[in-house]
Amino acid sequence: MTIAERIVPFIPHAPVKLRLFGRQGNHESSLKSFLATGRLIACTWILASLCVCASTAAESPNHEWVATWQGSPTPGGTFYSPGCPSDVGLSSQTVRNVVHVSAGGDWVRVRLSNNAGIIPLAVGSASIARSAGGAATAPGTLRPLRFGGESSILIAAGGEALSDPIPMTVHALDNLDVSVYLPGSTGPATQHYYADQDNFLASGDETGSGTATPFSTTISCWMFVSGVDVKGDQKVRGTVIAFGDSITDGYLSTTNANHRYPDDLATKLAERKGNTLAVVNAGIIGNELLTIRPQLEFGYTAPFRFARDAVNQADAGAVILLEGINDIGDRSAKASDLIPVYLQLILAAHEAGLKIYGATLTPFGGSNAIYGGDYGTPAGEAQRQLVNAWIRTSGAFDGVIDFDKAVRDPANPTQLLPAYVGDPLHPNDAGYQAMANTVDIDAILQAILAD
């Protein structure tokens, strides 16, 4: 076998999304150029720099990795430190993150994140298991995670670490426990603030513990874990990224019940016969298109994080974009301010080979008393209507998902249907289910497979 034959099998068939020095992009043409011109040594170095381990890849089945869960990372900040200590971080503690996956497979890998850190993050050990409820793991399922064959790793400030793949049966809609031990003081912790899920802390290294007993503290955020990928299910043909703000993040859905709209969409996808898709949730509460809000837990703007949270997800195929309501409500942004940002995100998606679907902004009438600004005001409503009209009629997106129509009150279309109200801005479980029901899965799957 030639050197070229040994290298080529480890180059993904889909466009390669690289993460180099914190910058992300699509470098499929660059890799092809290296191969075409015979610069195989340089190509080998690039693959090594991406931590693509040939020996591990050879052991895993020859299907694409797909993203099955993500918690878009944000800087350490909190509204309530006892419930989420990301403002002060952890010290000689283990965090057990409970995550709900959308698709299954025979192999799994985990992405740990120091994306918002300003100093290197020392990870002493990490593990993954199927959850048995609470902080307990299902018997016989706990597996240690390794990084380049080692149980510990130092993650650069602003960086992430992808674990070695391990053989493990993961089923669609499983809850998994991802445990991370931090032996030193982390400082403010990279997190996903609104988990809508109980997670747990223990003193010392408890990554190998299958019982709930050591995990005596319950927290409301995910910490230091940003993604889970799976491999091995031939029916799963790509990943849909639900990208948005608190309405995508599932604010006011039932805690620990996985009733965010992307979860409901995952259930529909898991029930399909034949080809299907994974779906991951890239929602962040309070997120905006134009402005980085002073609350760190609201994350960076949609364009700032789009490559990380959408383009760079494993086997990303399509994006559902639901952003802009906070720009209108919080910043009194005009539709004319937002449309150029939508166009740039569409361009970024298309340049990376992704389909992108525009979701109409849901009603927010009656929300001003809670959220202030231009939430629910006549001026805010006028801009929401202009944005929605553009999304529906411009033809700029690959398709339109009319969440507004799905959840509005026909008798008062500026407001949510009463049966769908969590509060006047956010749907409840029934409202999130209605949103998932309006997504045309067949159309998205066909569009992805056609490329």
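These are my notebook entries on a predicted model of one protein chain.

**Entry 1: the whole chain**

I began with the overall tally. The secondary structure comes to 14 helices and 25 strands. Of the 451 residues in the chain, 55% are buried. I then looked up the contacts with a separation of 6 or more, and 79% of them join residues 24 or more positions apart. The accessible surface comes to about 17,600 Å², with 55% of that area belonging to carbon and sulfur atoms.

**Entry 2: the cores**

Next I went inside. In soluble globular proteins, nonpolar side chains tend to be buried together. Here the largest nonpolar core has 67 residues. Phe243, Phe306, Ile320, Tyr342, Phe403 and Ile444 have the most contacts inside this core. Which helix gives the core its largest share? I found that helix H9 (residues 335-351) does, with 8 residues.

Not counting residues up to four places away in sequence, Ile444 touches Val240, Leu277, Ala318, Ile320, Tyr357 and Val439. Apart from this core lies another, of 43 residues, including Leu90, Leu112, Ile219 and Phe298.

**Entry 3: helix H7**

Why is helix H7 (residues 302-311) described as largely enclosed by the rest of the structure? I checked its residues: 7 of the 10 are buried, so the description holds. The buried ones are Ala302, Arg305, Phe306, Arg308, Asp309, Ala310 and Val311. Phe306 is one of the residues with the most contacts inside the largest core. Arg305 lies over the face of Phe243, at 4.1 Å from the ring centre, and Phe243 is also on that list of core residues.

**Entry 4: strand S7 and its partners**

I followed strand S7 (residues 125-133) from partner to partner. With strand S13 (residues 175-185), S7 pairs in the antiparallel sense over 6 bridges, and Ser127 stands opposite Ser179 there. With strand S9 (residues 143-144), S7 pairs antiparallel over 2 bridges; here Ile128 stands opposite Arg143. Strand S8 (residues 136-137) is joined to S7 by 2 bridges, again antiparallel, with Gly133 opposite Ala136. The hairpin of S7 and S8 has 2 residues between the strands, and in that hairpin Gly134 takes a positive phi near 60 degrees.

**Entry 5: aromatic rings**

How many aromatic pairs are there? I counted 12. I looked up one of them, Tyr371 with Tyr375. A pair of aromatic rings is described by the distance of the centres and the angle of the planes. For these two tyrosines I have 5.6 Å centre to centre and 50 degrees between the planes, a tilted pair. Tyr371 has 30% relative accessibility and counts as partly exposed, whereas Tyr375 is buried at 4%.

I also noted an aromatic cluster formed by Phe79, Tyr193 and Phe298. Phe298 was already in my notes, as one of the residues in the core of 43.

**Entry 6: Ala430**

My last stop was Ala430, in helix H13 (residues 429-437). Is Ala430 buried or partly exposed? With a relative accessible area of 36%, Ala430 is partly exposed; the cut-off for buried is under 20%. Leaving aside neighbours within four places in sequence, Ala430 is in contact with Ala419 and Tyr420. I also looked up Tyr261: this residue and Ala430 are 169 residues apart in sequence and 9.4 Å apart in space, C-alpha to C-alpha.

Definitions and conventions. Residues are numbered from 1 along each chain as its sequence is written. This is a predicted model: local features need pLDDT of at least 70, side-chain atom pairs count only at pLDDT 80 or more; totals for chains, interfaces and linings use all residues. Side-chain values use heavy atoms; hydrogens and water are left out. Helices (H or I, at least four residues) and strands (E, at least two) are DSSP runs, numbered from the N terminus. Buried means under 20% relative accessible area, exposed over 50%, partly exposed in between (1.4 Å probe, protein chains only). Contact means heavy atoms within 4.5 Å. Accessible areas come from the Shrake-Rupley method with a 1.4 Å probe; for residues, only the protein chains shown count as cover. A nonpolar core is a set of buried Ala, Val, Leu, Ile, Met, Phe, Trp, Tyr and Cys residues joined through side-chain atoms within 4.5 Å. Two strands pair if DSSP finds at least two bridges between them. Rings of Phe, Tyr and Trp (its six-membered ring) pair if their centres lie within 6.5 Å; planes under 30 degrees apart count as stacked, over 60 as edge-to-face and the rest as tilted. A charge sits over a ring if NZ of Lys or CZ of Arg is within 6 Å of the ring centre and within 35 degrees of the ring normal.
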